[in-house]
Amino acid sequence: MQFENKIICDGLLNKSLEVKMQKLIIYGPAKLMGEIEVEGAKNAALPILTASILAQNKVIITNIPDIADVRHTIEILKYLGCKVLFENNTVVLDSSSIERFTIPPEYAKLMRSSVLFMGALLSKFRRAELSNHPGGCEIGQRPIDLHISAFRQLGIEVFEHNNRIMCRCDKVKGSEIFLPIPSVGATENIILASIFCDGEVVIKNAAKEPEIADLCHFLNKLGAKIRGAGTHIIKIEGVRKLKSEEVVHKVIPDRIVAGTYLCAVAACGGEVVLKNVFPRHLDSILHILKSSGCKIKELKNEIWIKREERLKGGLRITTHYYPGFPTDLQAPVCSAFAVASGVTIIKETIFENRFKHVPELVKMGADIHVEKDIAVINGVEKLRGCKVFARDLRGGAALFVAGLSAQGVTEVMDADYIDRGYERIEEKYSLLGAKILREKGE
């Protein structure tokens with residue numbers, strides 16, 4: 001594999017980052033049948049790619065999903081000076097030529113995870129600069145106050161000026177940091193900033209998501225000393241330098257993509273085998289779907305799901321931090337239970353603006369009422385296809401699932417949101433018998 005890189009001028013985006021609005025045309029209803037392999041986890045791949053700038057040698061990362069957010073991350077890595085090759089879901093990265101520690105706003109606004117470069121660049125250069133408004137879906141308030149507070153507790157000076165955050169330090173000091181909420185991003189940023197700390201950094205009330213454990217597994221391969229990943233207490237013992245040998249790492253499967261497949265089968269009916277999954281990461285959604293009448297079998301790296309009778313509602317579902325029911329699956333579950341029998345209640349506890357998909361589902365005939373953080377879903381016999389608009393990544397996936405189960409043709413506009421987290425979604429579901437076309441949006 002040969003490295004290739006592109007020169008990108010300050011303040012200019014590579015042509016691959018230009019917005020090209022897309023729409024998905026779904027001919028429903030579909031009955032999903034067959035086998036499908038789940039891609040690598042977006043929420044593991046992005047921090048692992050970011051952490052790769054710390055490696056002393058070339059890294060090879062496999063099972064990387066070919067999605068917009070990954071390509072945006074690669075563009076940032078190239079801008080910083082890394083040599084990157086991405087093909088066949090594998091990234092080969094050499095950070096030996098990295099020279100920049102600033103993320104321009106044109107790149108920072110592309111996705112929320114750009115904030116993670118702060119921790120990695122602080123470990124690399126003891127300096128980092130970023131727009132103080134990292135991008136991502138508008139699903140509610142997601143301030144980076146926790147990140148900044150943690151950095152200051154680590155002895156890092158943080159300045160905010162002209163809509164930018166500038167960080168610098170002589171060294172990262174060992175300390176104990178308590179997070180008021182188990183923030184995934186803050187946990188990851190603290191870990192990345194603490195690799196070369198003086199002493200030990202202890203994170204209490206750390207996020208426990210599998211993607212954080214995967215990041216720590218990768219960093220430990222590089223030579224970091226991290227214990228407790230996957231628990232509420234993570235300890236990072238500072239090291240002087242990382243290992244010099246080449247590292248190969250495989251990203252874990254995407255539990256949210258897998259959960260979306262499960263919701264689609266629950267909504268449409270059919271029989272599907274998901275391959276390349278870790279069933280233990282999906283306990284909460286599997287419990288919900290089993291309770292609603294789906295037949296499910298769990299194997300080591302596979303899940304078999306079959307839905308024959310109409311989905312049974314009547315459940316009360318509450319989003320929570322892992323290992324609770326994930327907020328990222330709230331919207332697809334909403335679509336599935338829109339066509340279930342009875343009344344289902346979903347309470348959203350993580351983000352206050354995560355029911356943007358509901359008005360679009362109502363256009364399709366769903367009977368859903370939202371009051372503050374609660375959605376009451378009165379199941380209907382069927383949805384009807386129409387033109388709907390994606391407002392964020394997971395909401396877009398919910399409209400996609402609804403379109404699969406609906407009578408007639410559904411046009412999901414602004415499908416670019418979906419492309420941020422799902423790899424060639426129309427191709428994958430076509431393998432299961434769905435009829436989907438992709439066209440340029442209006």
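The model is predicted: local features need pLDDT of at least 70, side-chain atom pairs count only at pLDDT 80 or more, and totals for chains, interfaces and linings use all residues. Residues are numbered from 1 along each chain as its sequence is written, and side-chain values use heavy atoms, with hydrogens and water left out.

**Domains**
- Domain 1 covers 22–39 + 253–440, and domain 2 covers 42–250; these bounds come from an automatic or database domain assignment.
- Between the C-alpha centres of domain 1 and domain 2 the distance is 30 Å.

**Contact and buried area**
- In domain 1, 25 residues are in contact with 25 residues of domain 2 (heavy atoms within 4.5 Å).
- The two domains bury about 2,000 Å² between them, with 51% of it on carbon and sulfur atoms (buried area is the accessible area, 1.4 Å probe, that two parts lose on being put together, summed over both).
- Of the area that domain 1 buries against domain 2, 32% comes from Tyr-321, Tyr-322 and Arg-420, more than from any other three residues.

**Salt bridges**
- The interface of domain 1 and domain 2 has 2 salt bridges (a side-chain nitrogen of Lys or Arg within 4 Å of a carboxyl oxygen of Asp or Glu).
- Arg-420 and Asp-69 form a salt bridge through their side chains, at 2.8 Å from N to O.
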